[in-house]
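Please read the following points with the sequence and the structure side by side. They begin with the overall make-up of the chain and then turn to its parts.

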Amino acid sequence: SFFNRIGGEETIIIRSDSDISVGLEVRGEDRSSSSVIELKGLYFESQKEERMNVEEEIQKLEEEIHRLGSLQPDGSYKVTFGVLFNDDRCANIFEALVGTLRAAKKRKIVAFPGELLLQGVHDKVEITLRPSPPPPQAAVSAAATS
């Protein structure tokens, strides 16, 4: 955060973890708590939008792995990084495929060895889309028949 005074006006800039900038002008010497609350609201709104975009990207990644991958006996899907990276449709959907893969791995939606995948070097690395948990109704039905 920093303050910048320009001719009696102050501009407050706050940088979030994702480097999203939010500015708020405060006229004169009025630094009331309401200005801070408004600023915090903008900051949190930016984080919420970012989380929503990540979730949408991960959902699209799941769809693409279903399309390009092969179904495994355990219900998971497997695809190599090279197939994903070199696919034209994926290239048009994902601005940062590696970042989306890392976010999905952090949420335990996909699995792959290592932390970072690089084009060329890791083209043959398998990415596993873990099977979706059964819907609650199916879980209850399965338990009742056992």
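1. Helices (H or I, at least four residues) and strands (E, at least two) are taken here as DSSP runs, numbered from the N terminus. On that basis the protein chain has 5 helices and 7 strands, and from the N terminus on, the elements run β-β-β-α-β-β-α-α-α-β-β-α.

2. Please keep in mind that this is a predicted model, in which local features need pLDDT of at least 70 and side-chain atom pairs count only at pLDDT 80 or more, while totals for chains, interfaces and linings use all residues. Residues are numbered from 1 along each chain as its sequence is written, and side-chain values use heavy atoms, with hydrogens and water left out.

3. Buried residues (under 20% relative accessible area, where exposed means over 50% and partly exposed lies in between, with a 1.4 Å probe and protein chains only) make up 26% of the 146 residues in the protein chain. Counting as contacts heavy atoms within 4.5 Å, one finds that, among contacts between residues at least 6 apart in sequence, 42% join residues at least 24 apart.

4. Strands of a sheet pair through backbone hydrogen bonds, either parallel or antiparallel; here two strands are said to pair if DSSP finds at least two bridges between them. An open sheet of 4 strands has the order β4-β5-β7-β6, with antiparallel pairing. β4 (70–71) and β6 stand at the edges, each with a single partner strand, so one side of each is left without a neighbour in the sheet.

5. β5 (residues 77–80) is joined to β7 by 4 bridges in the antiparallel sense, while 2 bridges join β5 to β4, again antiparallel. β4 and β5 form a hairpin with 5 residues between them, and Gly75 in the turn has a positive phi of about 95°. Tyr77 in β5 is the bridge partner of Leu71, and Tyr77 also stands opposite Leu129 in β7.

6. In a regular strand the side chains alternate between the two faces of the sheet. In β5, Tyr77 and Val79 make up a covered face, whereas Lys78 and Thr80 make up an uncovered one.

7. Which residues of α4 are buried? They are Leu97, Thr100, Leu101, Ala103 and Ala104. After α4 comes Lys108, whose phi is positive, near 60°.

8. Ile109 lies in the loop between α4 (97–106) and β6. Leaving aside neighbours within four places in sequence, Ile109 is in contact with Ile58, Glu62, Ala104, Thr128, Leu129 and Arg130. Ile109 and Leu129 are 20 residues apart in sequence, yet their C-alpha atoms are 6.1 Å apart in space.

9. A last point concerns the surface. Val121, in the loop between β6 (110–111) and β7 (126–129), is exposed, with a relative accessible area of 63%. Together with Leu116 and Leu118, Val121 forms a nonpolar patch on the surface, with about 280 Å² of accessible area in all. Such patches are made of residues with over 30% relative accessible area and no salt bridge, like charges being joined within 9 Å and nonpolar side chains (Val, Leu, Ile, Met, Phe, Trp, Tyr) within 5 Å. A salt bridge is a side-chain nitrogen of Lys or Arg within 4 Å of a carboxyl oxygen of Asp or Glu, and accessible areas come from the Shrake-Rupley method with a 1.4 Å probe, where for residues only the protein chains shown count as cover.
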